[in-house]
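Let's take a walk through a protein structure together. Have the sequence and the 3D view ready, and follow along as we go from ring to ring.

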Amino acid sequence: MNSLGLSLILKMGCICTKETIIVNNRKYTVREHLGEGGFSTVSLVEDAVTHEKYAIKKIVCHGPEDQRLAVKEAEYHLIVKHPNVIECIDSTHKGTADPIVNATSEVLLVLPYFRKGTLAAELERRAKTHMYLNPHDVLNIFLHICEGVKAFHESKPEPLAHRDLKTANILLGEGMTPVIMDLGSVTQARVKISSAHAAQSLQDLAAERCSMPYRAPELFNVESYCIVDERTDIWSLGCILYALCYFKSPFDTVYERGDSVALAVMSANVTFPEDAPYDEDMQDLILSMLKVNPMERPYIYSVIESIHSAIAKLEGKV
């Protein structure tokens with residue numbers, strides 16, 4: 001057989017053997033792999049019947065604790081319902097994770113597909129030409145993000161914290177509407193730490209699941225006797241607002257240089273580029289959230305109030 005005939009058969013073989021994923025009797029065809037993290041992969045899929053596009057997040061669990069966290073992630077989607085928080089359309093759990101016999105399990109989440117991608121990608125694109133968002137758009141996008149965060153903080157029976165808020169975990173819908181994604185780090189917001197062991201456990205978990213340039217100071221160095229609450233998210237929001245204005249977190253450059261992010265965060269030495277179109281009010285709003293002492297940080301309700309005031313002030317100037 002000539003090589004052309006063989007290549008045609010191979011191509012046809014590829015067409016016939018497209019990867020499929022079945023979730024609760026619904027069949028999806030994998031179109032492309034969108035990305036992967038330390039614990040999961042995300043694929044763009046098409047419903048075999050309706051041909052609608054979705055994203056499927058596959059979480060591979062290597063042990064009972066992985067499995068518990070993945071199942072919990074699916075549960076959090078049911079608890080936190082908000083237009084600015086990603087919806088889980090369907091989910092399933094396959095197998096049982098057992099490290100003794102090297103068995104893994106999978107949790108599959110069917111999520112909406114956002115063709116515009118993430119806020120991080122949008123800001124990266126804008127950074128290349130210094131295409132700043134106007135202050136009004138910055139505040140409106142940020143307000144929507146905060147409304148989504150509020151849904152976590154006021155969830156019942158107890159407040160939840162996202163714990164990994166960053167521009168890469170914010171998708172963009174129509175009209176630049178932000179939607180918070182990745183509930184893999186979501187946890188009970190208020191944690192009372194009363195031993196060195198508990199402090200170390202929380203610190204290790206944060207190191208594993210909370211991105212460094214957006215991680216709150218109290219999660220870098222957890223004290224043996226303290227209370228950690230939802231204001232870890234407020235610090236991350238301060239970093240996100242900074243990124244909305246200046247394209248990246250105030251601690252991204254430190255991270256990229258390979259210097260100590262922990263030291264930079266603990267000193268909270270935040271500088272502002274001079275050529276950007278944002279006034280002192282915007283900078284003050286950012287700094288109000290980037291307080292090293294979490295007790296000095298506002299709760300989400302105060303942040304939202306401040307955004308409304310800033311928008312009203314801007315509109316008054318027009």
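How many aromatic pairs does a search of the whole structure find? In this predicted model, the search turns up 8 of them. Let's pick out one: Y132 and Y278.

Is Y278 buried or exposed? Its relative accessibility is 8%, and because buried means under 20%, Y278 counts as buried. Y278 also pairs with Y246: the ring centres are 5.7 Å apart and the planes stand at 90°, so this pair is edge-to-face. Here Y246 belongs to helix α7 (residues 231-246) and Y278 to the loop between α9 and α10, so the pair ties together parts that are 32 residues apart in sequence. Y246 is buried, and so is Y278.

Elsewhere, check out the ring of F220, where the charged end of R215 sits over the ring, 4.6 Å from its centre.

Next, the helices. Find α4 and α10, which pack at an angle of about 25° with their axes 12 Å apart. Angles under 35 degrees count as roughly parallel, and that is why α4 is described as roughly parallel to α10. As for its handedness, the crossing of α4 and α10 is left-handed.

How many does the structure hold? The count is 0. To see why, remember that the two cysteine sulfur atoms would have to be within 2.5 Å. Take C88: the closest cysteine sulfur is in C61, and at 14 Å from the sulfur of C88 it is too far for a bond. C88 itself counts as buried, because its relative accessibility is 15%. Now try C226. Its closest cysteine sulfur is in C210, and there too the distance of 14 Å between the sulfurs is too far for a bond.

Notes: Residues numbered from 1 in each chain as written. Predicted model: local features only at pLDDT ≥ 70, side-chain atom pairs only at ≥ 80, totals over all residues. Heavy atoms only, no water. Buried < 20%, exposed > 50% of the residue type's maximum accessible area, 1.4 Å probe, protein only. Phe/Tyr/Trp six-rings, centres within 6.5 Å; stacked < 30°, edge-to-face > 60°. Helix = DSSP H or I, 4+ residues; strand = E, 2+ residues; numbered from the N terminus. Lys NZ or Arg CZ within 6 Å of the ring centre and 35° of its normal. Axes fitted to C-alpha atoms, helices over the stretch in contact; angles between N-to-C directions. Parallel < 35°, antiparallel > 145°, perpendicular 65-115°, else oblique. Left-handed = near helix turned anticlockwise from the far one by under 90°.
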